[in-house]
Amino acid sequence: MHQRALRLPLLLLPAAVLAACGGGATDTAATDAAPRALQAGAMARAADTSAAADASANISSNVGANTSANTSASAATSTNNGTTANGAITAAVLVQSPPPVVLAPVPNADGASLTFSTAGTVDTSNPFFQPFGNGRSCASCHQPGNGWTITPAGLTARFNSSAGLDPVFRPVDGAVAPNAPVATLDQKRLAYSMLLTKGLIRVGLPMPANAEFTLVKADDPYHYASAAELSLFRRPLPSTNLPFNASVMWDGRETLTDATSAICIKDVRPARCFAPLDTDLRHQANSAVRGHAEAAQDLTADQQRQIAAFEQTLFTAQSSATAAGSLSDAGALGGPQLLSQQGFYFGINDPQSGDYRTGAPFNRNVMNLYAAWRNLAPPAPPAPPPAGRGQPAPVPPAPSTQNQARAAIARGEQIFNNKPFNVVGVAGFNNELRLPLQRATCATCHNAPNVGSHSVARLFNTGTAAANLRTPDLPLYTLRNNATGEVIETSDPGSAMESGKWSDIGRFKTPGLRGLAARAPYFHNGSQRRIEDVVRFYDTRFRIGFSPQEAADLAAFLKAL
Ligand code: HEC
Ligand code: HEC
């Protein structure tokens with residue numbers, strides 16, 4: 001069985017599309033990545049109006065609001081182009097077709113992000129955009145204009161424009177508890193407060209059978225959680241950049257094991273082997289339709305295949321930064337198109353066993369996007385003044401604001417790769433990996449080159465669900481070890497909900513870091529509002545001792561991913 005690898009049938013189609021629109025197919029190092037990622041249909045729009053504003057308008061009106069009025073049954077009978085079988089255009093059908101998703105830059109607080117599709121366009125007739133069951137589609141929670149997840153700002157806009165009726169607002173897992181009252185607008189605002197404030201979905205999971213631990217207390221502010229169903233508030237992971245994932249879902253519960261597979265974590269007993277990513281994604285899509293969308297029936301095998309295939313065409317990254325400008329300018333390698341060509345396979349650059357294919361030792365220079373910005377030349381000096389006695393020597397000009405911002409991003413990349421700190425008390429790391437690794441850098445866990453996901457299915461407890469970070473809006477669960485009587489308080493047991501293992505409590509997957517600026521807030525429970533807060537979390541958690549300059553540079557880098 002082959003390992004997960006990026007297949008790259010790309011560039012041909014996008015280049016052809018571009019050529020048809022009059023762009024040059026050879027200017028891949030050009031400063032503006034946007035035109036290369038535009039779909040043909042977007043070209044005309046982009047020509048007469050601001051591409052970015054246009055895209056966000058299109059995207060914010062996408063799917064959710066349009067599908068809310070329709071049942072899945074009527075949508076299923078519509079055709080893609082808005083015509084009925086006999087060719088008559090009906091108003092109802094026109095409303096049902098989601099508007100085209102324009103692959104143009106989407107502004108965010110730190111610049112703009114961009115999605116690149118290896119298929120050239122986003123096919124909104126894919127079942128990913130179809131409403132099922134309760135009217136939700138995948139796009140209800142994986143919005144093209146919000147980094148393929150949902151954000152508090154985007155959700156608030158949808159809540160206000162639909163009076164809380166957009167299908168993302170459904171009691172099953174949109175509300176703080178499925179039995180929360182939602183009759184009035186005020187009740188809806190309370191019931192959907194976790195979505196509106198932090199973009200959190202309630203993942204309801206039962207205590208695992210045969211767990212090594214018992215639930216002794218569920219302190220749930222919404223009076224719902226019990227051993228039958230814990231409420232775990234989690235951010236939707238982006239449904240983009242998926243080919244770089246070795247684990248699917250925060251707790252890895254859709255990372256299917258397969259004893260006959262060759263996709264195995266090295267050097268562990270008993271062996272841990274996994275199905276290919278595509279299998280996980282098909283299974284995950286079906287779980288999502290049955291769970292989030294409350295569909296009465298499974299997706300067909302063909303619908304599962306179509307969704308998984310569609311998801312794997314998408315690559316999203318920040319494409320420009322406020323002060324630094326285009327992130328693929330002056331030799332920099334940011335933006336989504338180069339990301340789509342980034343190699344990845346299970347075990348690439350593994351910190352524990354070395355690279356699974358090449359055998360090369362772990363290389364902590366994981367991020368290599370902004371090396372060209374390390375020593376940017378200041379702008380050309382002005383012409384020397386006419387020679388004359390007593391003239392002061394010309395002062396060399398300061399680097400431009402743009403070059404200063406670029407240099408900060410380049411320094412931040414070096415900090416990410418190289419600034420060492422001691423990793424202490426991280427389950428999955430300190431107890432399962434080689435000792436020398438325990439003086440780590442950000443790149444040790446975020447080890448997949450130029451992406452930062454963890455390249456094998458290995459989850460870590462960095463303390464993000466620990467009791468000391470519990471906020472009053474989150475439940476707190478008290479768990480007791482059946483064998484030792486030891487007690488842990490946590491807002492989310494993480495992968496222990498799947499394995500039932502005490503040692504798995506609080507362990508989550510290390511997500512990829514591309515397109516971060518489009519998808520605040522961060523961590524599985526949205527506890528960190530801004531990228532600066534994430535940097536502060538790590539500084540405190542691992543006593544790193546960042547100087548203010550280092551923290552700012554690291555944040556500037558993370559915003560440029
Ligand atoms: C109601 C909101 C909602 C809907 C609808 C939804 N998702 Fe999700 N999705 C989530 C949440 C929340 C998570 C993370 C849950 C977890 O890890 O426990 C997630 C995770 C995922 C992941 C995992 C990504 C990764 O990096 O591991 C994929 C893939 C995904 N969803 C695809 C889909 C597809 C395909 C559909 C439609 C068939 C869909 N989702 C519908 C909320 C939603
Ligand atoms: C011990 C392993 C480990 C180390 C070291 C580590 N991370 Fe992480 N990182 C994780 C895990 C696991 C998560 C997910 C935690 C969660 O959501 O609960 C994560 C999440 C993140 C996220 C949030 C991503 C998102 O989508 O919400 C960012 C940003 C991040 N890390 C940056 C860094 C930086 C910067 C450093 C170095 C200062 C670093 N990480 C060091 C394991 C690690």
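These questions and answers concern a predicted model. Residues are numbered from 1 along each chain as its sequence is written, and chains are lettered from A and ligands numbered from 1 in the order in which they are written. Local features need pLDDT of at least 70, side-chain atom pairs count only at pLDDT 80 or more, and totals for chains, interfaces and linings use all residues.

Student: Which helix gives the most residues to the shell around ligand 1?

Tutor: A residue is near the ligand if its C-beta atom, placed from the backbone, lies within 6 Å of it. The shell has 28 residues, and among those that come nearest are Cys-138 and Trp-250. Helices (DSSP H or I runs of at least four residues) and strands (E runs of at least two) are numbered from the N terminus. Two or more residues come from each of H8 (138-141), S3 (201-205), H13 (277-291) and H14 (301-311), and the most, five, come from H13.

Student: What covers the buried residues of H14?

Tutor: Buried means that 20 or more other C-beta atoms, placed from the backbone, lie within 10 Å of the residue's own. In H14 this holds for Gln-304, Gln-306, Ile-307, Ala-308, Phe-310 and Glu-311. With contact set at C-beta atoms within 7 Å, the cover includes H8, H13 and strand S8 (314-321).

Student: Why is one side of S1 and of S9 left without a neighbour in the sheet?

Tutor: Strands pair if DSSP finds at least two bridges between them. The open antiparallel sheet runs S1-S2-S8-S9. S1 (106-108) and S9 (325-326) each lack a neighbour on one side because they stand at the edges, each with a single partner strand.

Conventions:
A residue is buried if 20 or more other C-beta atoms lie within 10 Å of its own, exposed if 12 or fewer, and partly exposed in between; C-beta atoms are placed from the backbone. Two residues are in contact if their C-beta atoms, placed from the backbone, lie within 7 Å.
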